[in-house]
Amino acid sequence: MNLEILDYAFMQRALLAAVLVGITAPAVGIYLVQRRQALLGDGIGHVAMTGVGLGFLLSWSPVWMATAVSVVGAVLMELIRWYGRTRGDIALAMLFYGGMAGGVMFINLAPGGSNANLTSYLFGSLSTVSESDVTAICLLAAFVVLVTIGLRRQLFAVSQDEEFARVTGLPVRALNLLTAITAAVTVTVAMRVVGLLLVSALMVVPVAAAQQLSRSFAATFAISVAIGVSVTIGGTVTSYYQDVPPGATIVLLTIGAFMLLTVAATPLARRRARAAALVAAREAGDPAECAIPATRTPTGKVGV
Amino acid sequence: MTNESGTPAADPRPPVIALRGVTAELGSRPVLRGIDLTVHRGEVVALLGANGSGKSTAIRTIIGQVPVTGGEVELFGTPRRRFRDWARVGYVPQRTTAAGGVPATVTEVVSSGRLSRARFGVLRKADREAVRHALELVGLADRAKDSVDALSGGQHQRVLIARALASVPELLIMDEPMAGVDLASQEVLAATLREQVAAGTSVLLVLHELGPLEPLIDRAVVLRDGCVLHDGPPPRALGQHALPGHDHVHPHAAHNAEPIRTGLLS
């Protein structure tokens with residue numbers, strides 16, 4: 001195998017960034033999927049555009065600026081979720097599109113800036129990942145890994161059942177905020193590799209793909225990270241040899257992995273359903289004669 | 001025990017739950033209009049009432065999910081805001097499923113209930129043992145490694161109860177634990193609860209009808225329109241009390257149920 005790809009410094013940086021994205025995006029995404037906020041990452045991606053624009057306008061690092069703005073945006077979204085029950089989605093819509101419009105506005109106000117600068121952030125561009133970008137990505141990724149693995153039991157409990165988590169004495173609001181902030185940080189980690197508009201796919205699709213195989217949360221986590229790393233490396237290498245955009249390649253590979261696993265898992269699911277039906281049939285062995293019909297066991301679907 | 005000093009004369013220990021004149025609103029609509037509710041140690045209290053009478057909201061003010069607009073909530077003699085000893089409380093929310101958006105095994109879900117006793121979320125051997133024991137109590141030890149998605153409705157409820165029992169609580173708060181539960185699971189749940197009560201656990205549970213739990217209930221509190229309508233021994237024909245049209249007013253409950261209070265306090 002020819003490893004000349006590793007001889008180029010820009011490709012080393014690109015591959016390192018890709019691996020980190022492959023780990024962090026599904027690691028955060030799993031909690032978002034668990035709490036049924038799969039598209040939160042997409043919203044944060046829109047808001048991060050304002051950060052990129054501001055970075056260009058003020059000649060600061062777009063990555064750090066995007067991090068700051070998307071963290072503020074994520075906190076705002078979480079606050080809207082708490083307080084703005086009735087008008088919540090309107091407020092979210094304004095935040096998303098305001099963030100996008102702000103990005104376009106600021107970048108065009110920046111000296112010499114145009115939408116072309118924005119494109120590499122919208123769809124990812126590995127070849128332009130700079131030394132300082134890599135430093136930022138490494139630091140941010142370390143934070144994400146620390147939170148998502150170190151606090152996995154707490155985040156699992158809060159994402160599974162917020163009301164119950166409150167009664168275990170967990171700081172539910174703080175953990176919700178932390179999830180939102182971690183998601184925001186992940187968006188900026190992934191921004192240079194897959195782009196702001198495609199970030200959410202890498203957070204959600206590997207988790208969905210892993211679910212086809214797994215029965216436990218721990219396995220879903222491990223498999224989705226494995227899928228994430230495989231597709232980001234695969235996409236990066238492909239884009240090097242074939243001159244195709246890395247972000248789009250990665251996302252299409254992820255969707256391909258999802259379809260592959262779905263097809264592969266069908267016989268597995270069938271076997272499990274059969275086993276479950278057998279257990280259910282065994283348990284419903286002595287049906288009570290005078291049972292109230294509405295509260296009978298739903299064991300009718302013993303399809304073999 | 002905790003920092004209680006001004007305790008009632010009859011029982012040296014404070015009640016496990018004390019609500020005094022609690023009012024609460026859901027989106028500016030008053031749901032609780034000043035309810036008093038006490039659960040003493042070792043007592044099993046059923047909270048009854050029609051849909052929309054405020055049963056679930058009352059439970060949620062106790063755990064802090066719904067903020068109170070007036071009155072006091074105390075747990076084990078400590079105001080709820082300062083209460084930190086959550087391992088003493090087991091909670092079963094009103095749910096038809098134990099599943100979230102991602103697959104999880106029965107053990108993983110029940111382990112969440114142990115977090116109140118685990119430091120920094122690290123589960124030690126004793127914690128795993130407690131989780132296993134909680135699963136045995138509800139008769140699901142053999143399903144420990146199965147995904148909760150593969151369970152029946154009644155088994156979901158048993159998982160939620162095992163999760164509440166995992167911290168070995170002194171007080172169980174349950175919101176409609178029998179809703180959507182098949183007969184076999186209802187009997188398992190009743191037996192589990194019987195064991196807990198025999199071991200001295202206090203219980204507050206929201207019920208629509210007493211069913212197989214009837215022999216366990218010491219006292220029933222009936223709510224209607226956010227007021228306490230009845231507080232005393234469980235009435236005979238309980239199903240009737242739960243109906244909105246039920247007109248059996250208990251005059252002695254009047255001091256507990258002053259709708260005017262809402263206006264003064266909020």
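**Where the chains meet**

Begin by selecting both chains of this predicted model, and look at the contact between them, to which chain A gives 37 residues and chain B gives 32 residues. On the side of chain A that touches chain B, the elements that contribute two or more residues are α1 (9-34), α7 (152-160), α8 (162-167), α10 (199-211), α11 (217-242) and α12 (246-283) of chain A. Select α7(A) next, for with six residues this helix gives the most to that side. If you colour this side of chain A by residue type, you will find 15 nonpolar, twelve polar and ten charged residues.

**The sheet of chain B**

Now move to chain B, where six strands form an open sheet with mixed pairing, in the order β6-β7-β8-β3-β9-β10. Its edge strands, β6 (89-92) and β10 (227-232) of chain B, each pair on one side only. Within the sheet, select β3 (residues 44-49) and β9 (residues 219-224) of chain B, which pair in the parallel sense over five bridges; L223(B) in β9(B) is the bridge partner of G49(B).

**Helices across the sheet**

**A last stop: confidence**

Finally, colour chain A by pLDDT, whose mean is 85, with 88% of the residues reaching 70 or more. Over residues 285-304 of chain A, however, the pLDDT is below 50. Where pLDDT is low, the predicted coordinates should not be read in detail.

How values were computed. Residues numbered from 1 in each chain as written. Chains lettered and ligands numbered in written order. Predicted model: local features only at pLDDT ≥ 70, side-chain atom pairs only at ≥ 80, totals over all residues. pLDDT = per-residue confidence, 0-100. Contact = placed C-beta atoms within 7 Å. Helix = DSSP H or I, 4+ residues; strand = E, 2+ residues; numbered from the N terminus. Nonpolar A, V, L, I, M, F, W, Y, C, P; charged D, E, K, R; others polar. Pairing = 2+ DSSP bridges.
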